[in-house]
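Mentor: Let us examine this model together, element by element. Please put your questions in turn.

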Amino acid sequence: MKSSIGLVTPKTLHIDEPLALVSGAVLPQYDLVYETYGSLNAEASNAILICHALSGDHHVAGFYEGDDKPGWWNDYIGPGKPIDTDEFFVVCSNNLGSCRGSTGPTSLNPETGKVFGSDFPIVTCRDWVHSQNQLRQHLGIQQWAAIVGGSMGGMQVMQWAIDYPDKLRHAVVIAAAPKLSAQNIAFNEVARRAIMTDPEFHEGRFIEAGTTPKGGLALARMLGHLTYLSDDMMGAKFGRELRADKLKYSFEVEFQVESYLRYQGEKFATKQNFDANTYLLMTKALDYFDPAAEFNNDLSQAFANTKAQFLVVSFTSDWRFSPARSREIVRALLDNNLSVSYAEVESEHGHDAFLLPNTHYEGIFHAYMCRILKEIRST
């Protein structure tokens, strides 16, 4: 029977060991905020790492006291759910550069005593994986039973499999791509320009200035949200429905879809209070992800030393990270004779489908996690 994890409390790991970043910068020390669910078994063989997407964080399941909004993947993590916390020890950390507790642009720079703001260095998927590996060691986990992630999280899963092939047994890559297309990079650049040209941005020092580039951040989120949905989904949900009984012939909001996008943008910039510098950093990390680049642009070579077994999942209406991009990953893995399961799930929800309930998706996910659990029990 499915039930909720209940109340959860985040934890903080402070790491004094310097982290050399791909950009050449160094973080002399940093904090990682994380949550855990379930219990680690005596052999430490049942640990699952969840990697979050662009605007996600460590709060992946359960509830905070006084808040009735569950973690962002609560439908899939908990007792009796595909990632069953009665069986698995589940970990999710907040990425460096975020604004949800881990060291990022809103943190104090120990060298200046002021918030980092735009001084926070560029971070990449590889940097996140290296910091997550520090968390693995802190938790006493020799090897993850599986690492799971959707979208940007799926990119981190691939980076883990490449950089630490002995540290995971299974890799679950959902709604991801081996690198961004030119179109996706272009979307990210437009979003960044919306933020950076906001008069309240102050070259990234808006916290010191006592302002927030809410308008630019809302526009960036509107653009992003637009790309996460499918045309069919938007048509079914909104069509050309008007907010009022008749057209006003003005530049005010007239269509329901306009109202919806403005609401999503405003909520992200105000109620969710997402940091604009973090949005810039996360989109740049997406742009830079390209593990094949250092292997003569050969993705098969990039996976040559990988040992994990893979589950790769895509969604039919996801045009931002289309099924064709997932099949690129599958082909590269098969070129290395790796064990790969692939599923293309029917969904009208676009890229957001990996976050939402779906019977077929849940069944695939559940079956694969049961396979992992069977392996754990047999050792």
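Trainee: In the loop between which two helices is the place of Asn297?

Mentor: This is a predicted model, in which local features need pLDDT of at least 70, side-chain atom pairs count only at pLDDT 80 or more, and totals for chains, interfaces and linings use all residues. Helices (H or I, at least four residues) and strands (E, at least two) are DSSP runs, numbered from the N terminus. On that basis, Asn297 lies in the loop between helix H8 (276-288) and helix H9 (299-302).

Trainee: Is Asn297 buried or exposed?

Mentor: Asn297 is not a glycine, yet its phi is positive, near 60°. Buried means under 20% relative accessible area, exposed over 50%, and partly exposed in between (1.4 Å probe, protein chains only). Because its relative accessible area is 58%, Asn297 counts as exposed.

Trainee: Is Ala44 buried or exposed?

Mentor: Ala44, likewise a residue other than glycine, has a positive phi of about 55°. The residue sits in the loop between strand E4 (30-37) and E5. Its relative accessible area is 12%, so Ala44 is classed as buried.

Trainee: Which residues of E5 are buried on each side?

Mentor: In a regular strand, side chains alternate between the two faces of the sheet. Strand E5 (residues 47-51) is mostly covered, with five of its five residues buried. One side carries Ala47, Leu49 and Cys51, and the other carries Ile48 and Ile50.

Trainee: Which residue of E6 is the bridge partner of Tyr34?

Mentor: E6 is itself mostly covered, five of its five residues being buried. Phe89, Val91 and Ser93 point one way from E6, and Val90 and Cys92 the other way. E4 and E6 run antiparallel and are joined by four bridges. In E6, Tyr34 is partnered by Ser93.

Trainee: How is H5 oriented to H7, and why?

Mentor: Axes are lines fitted to C-alpha atoms, for helices over the stretch in contact, and angles run from 0 to 180 degrees between N-to-C directions. Helix H5 (residues 214-228) and helix H7 (residues 256-271) pack at about 125°, with axes 8 Å apart. Angles under 35 degrees count as roughly parallel, over 145 as roughly antiparallel, 65 to 115 as roughly perpendicular and the rest as oblique. H5 is therefore oblique to H7.

Trainee: How many nonpolar, polar and charged residues has the contact of H5 with H7?

Mentor: The contact (heavy atoms within 4.5 Å) includes Leu217 and Met222 of H5 and Tyr260 and Phe268 of H7. Ala, Val, Leu, Ile, Met, Phe, Trp, Tyr, Cys and Pro count as nonpolar, Asp, Glu, Lys and Arg as charged, and the others, Gly among them, as polar. By class, the residues are eight nonpolar, four polar and four charged.

Trainee: Which residues does Arg371 touch, not counting residues up to four places away in sequence?

Mentor: Arg371 is found in helix H11 (residues 359-378). Because its relative accessibility is 29%, Arg371 counts as partly exposed. With residues up to four places away in sequence left aside, Arg371 touches His170, Gln309, Ser339 and Ser341.

Note on methods:
Residues are numbered from 1 along each chain as its sequence is written. Side-chain values use heavy atoms; hydrogens and water are left out. Two strands pair if DSSP finds at least two bridges between them.
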